[in-house]
Amino acid sequence: MQNLAFCGTHEKLNTADNGNFLTFVEFLALFDPLMNEHLRKIKENETHVHYLGKDTQNELIHLLSDAMKKKILTSARDAKYFSIIIDCTPDMDHVEQMTMIIHFLDVISNPENGIAATASIKELFLDFVPLKETTGAVMAETIIKQLGKMSLSIENLCGQGYDNGRNMRGKNKSVQRGILDVNPRALFIPSVHIH
């Protein structure tokens, strides 16, 4: 929720730069007797199995990510119509990563407070998708495939936003064209980078 990295430089409790996850565990131990006892056993070598290493952290990240993505997709499906914003950048291993962001109107019914519903515009990160090629055709195909995996109907896509790269917005063989060929109502809106 706070966009904080879990892992730190070190994986040992009570050391500087051990990351937010272990720091939160240490902080929790100040108020929770059970966690305090667990950390005491680790510190005094009474146990060597503590489930606080990077594998457990990565599993927690994965579980939280799946839960958040499921919630976002449920809200987007409830809204019915949505738009997408796509950008690409290489990761540390030089693999091109397509960033998928979804934009929709989230309507929340709340009859308890006398208001029928409240609405807010949501713009939420969905996924990083590795790409083998960055041609417009491959990217459009990947987007369509990803939307299908997420059970988001391409027919309900009402907008698409990209940077002004030729493979993104060009009139032929671009991502824009590939999406418009499937859904001509998915309006293209160029993204502008402000420096």
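## Length of H3

At 1.5 Å a residue, the 26 residues of helix H3 should span 38 Å, and the end C-alpha atoms of H3 are 37 Å apart, which agrees. The expected span here is 1.5 Å times one less than the number of residues in the helix. Helices (H or I, at least four residues) and strands (E, at least two) are DSSP runs, numbered from the N terminus.

Within H3, the buried residues are Gln 57, Ile 72, Leu 73, Ser 75 and Ala 76. Buried means under 20% relative accessible area, exposed over 50%, and partly exposed in between, with a 1.4 Å probe and protein chains only.

## Basis of the values

The model is predicted, with local features needing pLDDT of at least 70 and side-chain atom pairs counting only at pLDDT 80 or more, while totals for chains, interfaces and linings use all residues. Residues are numbered from 1 along each chain as its sequence is written, and side-chain values use heavy atoms, with hydrogens and water left out.

## Overall content

The protein chain holds 6 helices and 5 strands, in the order α-α-α-β-β-β-α-β-α-α-β from the N terminus. Of its 195 residues, 30% are buried. Among contacts (heavy atoms within 4.5 Å) with a separation of 6 or more, 54% join residues 24 or more positions apart.

## The buried side of H1

Helix H1 covers residues 19-29, and its buried residues are Gly 19, Phe 21, Leu 22, Val 25, Glu 26 and Ala 29. They lie on the same side of H1 because they cover an arc of only 135 degrees around the axis; the arc is taken from the directions from the helix axis to the C-beta atoms. An α-helix has 3.6 residues a turn, so residues three or four places apart point the same way. The cover over the buried residues of H1 includes helix H2 (33-43) and helix H3 (54-79).

Helix H4 (residues 136-149) packs against helix H6 (residues 175-182) at an angle of about 50 degrees, with the axes 7 Å apart. H4 is therefore oblique to H6. Gly 136, Met 139, Ala 140, Ile 143 and Ile 144 of H4 meet Val 175, Gly 178, Ile 179 and Val 182 of H6. Axes are lines fitted to C-alpha atoms, for helices over the stretch in contact, and angles run from 0 to 180 degrees between N-to-C directions. Angles under 35 degrees count as roughly parallel, over 145 as roughly antiparallel, 65 to 115 as roughly perpendicular and the rest as oblique.

Gln 146 also lies in H4, and counts as buried because its relative accessibility is 12%.
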